[in-house]
Amino acid sequence: MLKFTSSISAMGLPQAMQTLSDRAAFTRESLQKSQTITDSMVAILGSFDSRLSALETAMRPTQIRTHSIRKAHENIDKTLKAAELILTQFDITRKAEAKILRGPHEDLESYLEAMDQLRSVVRFFDDNKSYRGNDVMLHHVHNLLAKANLKIEEEFKQLLTSYSKPVEPDRLFDCLPQSLRPSSGSPGHQGDASGKNASSTNPSEHNKSLEPAVYTAPTLIPTRILPLLHDLAQRMSQAGHQQQLYKIYRETRASALELSLRKLGVEKLTKDDVQKMQWEVLEAKIGNWIHFMRISVKLLFSGEKKVCDQIFSGIDSLRDPCFAEVTANSVAVLLSFGDAIAKSKRSPEKLFVLLDMYEIMRELHSEIETIFEGQFCVEMRETSLSLTKRLAQTAQETFGDFEEAVEKDATKTAVLDGTVHPLTSYVINYVKFLFDYQSTLKQLFQEFDEGDTDAQLASVTTRIMQALQNNLDGKSKQYKDPALTQLFLMNNIHYIVRSVRRSEAKDLLGDDWVQIHRRIVQQHANQYKRVSWAKGKLSTNLAKPVKFLALQILQCLTIQGAGSSGGGAIAEAGSGSGVSRAMVKDRYKTFNIQFEELHQRQSQWTVPDSELRESLRLAVAEVLLPAYRSFIKRFGPMIENGKNPHKYIRYTPEDLEHMLSEFFEGKTLTELKR
């Protein structure tokens, strides 16, 4: 604007007006031309619109046909694809059918894959029910699957049966720790070998063993077969064949387990069977039973549990009931024998086998609880626990029976030589065995009383010892010779004390008990010396019973002094007052007869302990020999100067000492006559 104003100023007003007029005229002319062109274009475009409408009208049928053709092509493509899918399912079915008809035995994995393929075919047709012929195809595939499931069931049964063989006893023995294996020399590895050696017959040795007990699990079914059985079991379960699976497994495995036990030697015995058996036979069977229980629980039942868990992994509804059914009868047979023993007539000799049985049940308790877990095995756990308690009860009652039997034992077994009575050695051995079972006894006591188990064991032992002593006192009264009565009591009490001192009973009974009974032994020894050798009133009747001979023997070495003060006093040999040769001869003769008879009798008596025997001989010698030497010294010359002195002085002191060394040797009359 400023520039235009400047231009006007420069050109002058008239000239400027002329210029503006020219420019306006040019602009009008340009606008007129543009309008003319626009009108022409509108006319042209108008003619195009009519032509296009005509063309569109002419093209509409062609467009409709083209759309129909395109739809037809799409439908054809869909149909071809559907046909291809159906043909694929037919092809899958054909191939799977070939595998199904061949069966699972050759290639189980391929067979199971074929079953999966058939199930996928079923799912395909279930999802596409509109296809023509769908029902026919589904029926065919379902029939194939039914056949496949039957073959799976047959294969499971055949495979399980083939590998469910009984385990031979030798294989089971090889799975035991070395210390529990039976000796190879025993027939069939049974009898004494599998019972005595393997049971707790020597519990002290067994308990003190430092070797850890290592059990090797037996292979009940090969490891490579278990996954196959598991796959087959799963297929049967998925197909709804749980009952058939349950039945096949139960019958097959139960039969194999029971046959394994029969081969081992397990028998089904009733209480009546047990009552009729001789003790030696029954004892061997109990020893075997202890061995069988250990093998069954630690090897067979635990192995069966592992097999069942692996085959039925993921099939929880069948796992526990199958295991319970497989083992139920075998467990019942084993425990019924133990129950028959626990309920049988009690006797002292059964105590140790009862303790052995109680011990093995206690040992296996935790494993039984673990193996037979769950609701389906409740009865087996309860039966096992009940047997353990019943064995404990019977063992405790047998204790009481034994104590009473010892005190009332009325056996007429005569111990003519005064040695240790069989009852004494029996009871002491019994008590020694009891202490071999200390840990077991303490567990047993705790079943009924939570008190001090050491005190309870000491009390039981003390009562048994007292019962034995009471019985021995009664048996000692059978002897007519009071000296033999004392010798008998001395021998038996000494045997008891010595046995206690050398056993674990000493720790429980205590030093006081030992000292008291040692004094009792000494008292009986003193009583023997007093009765046998003490001086007493001289008897003139040499035909008196034997029990008076010992009272006379030292009296023969004294002479009543004719001139002694007091008139009735006994004058020692050598007083010389009023002693005739005839009187001295009579004393020698009487002494010889009495001593020879005493020697003959007491040489047949027995003091089995060498130390006690020597001390008793020494005590007799200390009484007899000094008196004899004094008598010979005083009156020997009166006989030696006469006729036939050896007829009266038969023995020197050395001879007597030698003869005394034969006392208490338990010699026979034949040996003495030599």
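Modeller: Let us start with the surface. Accessible areas come from the Shrake-Rupley method with a 1.4 Å probe. Here the protein chain exposes about 36,700 Å², and carbon and sulfur atoms supply 52% of that area. Please bear in mind that this is a predicted model.

Biologist: How many helices and strands does the protein chain have?

Modeller: There are 24 helices and 0 strands in the protein chain. Of its 674 residues, 42% are buried. Among contacts between residues at least 6 apart in sequence, 78% join residues at least 24 apart.

Biologist: Which residues make the nonpolar surface patch of about 390 Å²?

Modeller: Ile-37, Met-41, Ile-44 and Leu-45 make that patch. Met-41 belongs to helix α2, which covers residues 13-102. With a relative accessible area of 43%, Met-41 is partly exposed, because that class runs between 20% and 50%.

Biologist: Now the interior: is Thr-327 buried or exposed?

Modeller: Thr-327 is buried, its relative accessible area being 0%. This residue lies in helix α12 (residues 316-343). Neighbours within four places in sequence aside, Thr-327 is in contact with Leu-257, Phe-301, Glu-304, Phe-372 and Met-380.

Biologist: How should I read aromatic pairs?

Modeller: Ring planes under 30 degrees apart count as stacked, and those over 60 as edge-to-face. The count here comes to 20 aromatic pairs. One of them, Tyr-528 with Phe-664, is edge-to-face, with 5.7 Å centre to centre and 75° between the planes. Tyr-528 lies in helix α19 (residues 505-533) and Phe-664 in the loop between α23 and α24, so the pair ties together parts 136 residues apart in sequence. Both Tyr-528 and Phe-664 are buried.

Biologist: Why is the pair of Phe-591 and Tyr-628 stacked?

Modeller: The pair is stacked because the planes of the two rings lie at 25°, with their centres 5.0 Å apart. Phe-591 is in helix α21 (residues 581-602) and Tyr-628 in helix α22 (residues 610-640), so this pair ties together parts that are 37 residues apart in sequence. Phe-591 has a relative accessible area of 0% and is buried; Tyr-628 is likewise buried, at 0%. Both pairs can be found in one aromatic cluster, formed by Tyr-528, Phe-591, Phe-595, Tyr-628, Tyr-651, Phe-663 and Phe-664.

Biologist: What is the general idea behind a salt bridge?

Modeller: Side chains of opposite charge can pair when their charged atoms come close. This structure holds 26 salt bridges. In one of them, Glu-373 pairs with Lys-305, the closest N and O atoms being 3.9 Å apart. Glu-373 lies in the loop between α13 and α14, and Lys-305 in helix α11 (residues 279-311), so the pair ties together parts 68 residues apart in sequence. Glu-373 is partly exposed at 45% relative accessibility, whereas Lys-305 is buried at 10%.

Biologist: Where does the charged end of Lys-305 sit?

Modeller: The charged end of Lys-305 sits over the ring of Phe-323, 5.1 Å from its centre.

Biologist: Which helices hold Glu-403 and Arg-463?

Modeller: First, the side chains of Glu-403 and Arg-463 meet in a salt bridge, 2.9 Å from N to O. Glu-403 lies in helix α14 and Arg-463 in helix α17 (residues 453-476), so the pair ties together parts that are 60 residues apart in sequence. Glu-403 is partly exposed, at 21% relative accessible area, and Arg-463 is partly exposed at 38%.

Definitions and conventions:
Residues numbered from 1 in each chain as written. Predicted model: local features only at pLDDT ≥ 70, side-chain atom pairs only at ≥ 80, totals over all residues. Heavy atoms only, no water. Helix = DSSP H or I, 4+ residues; strand = E, 2+ residues; numbered from the N terminus. Buried < 20%, exposed > 50% of the residue type's maximum accessible area, 1.4 Å probe, protein only. Contact = heavy atoms within 4.5 Å. Patch = residues over 30% accessible without salt bridge, like charges linked within 9 Å, V, L, I, M, F, W, Y side chains within 5 Å. Salt bridge = Lys/Arg side-chain N within 4 Å of Asp/Glu carboxyl O. Phe/Tyr/Trp six-rings, centres within 6.5 Å; stacked < 30°, edge-to-face > 60°. Lys NZ or Arg CZ within 6 Å of the ring centre and 35° of its normal.
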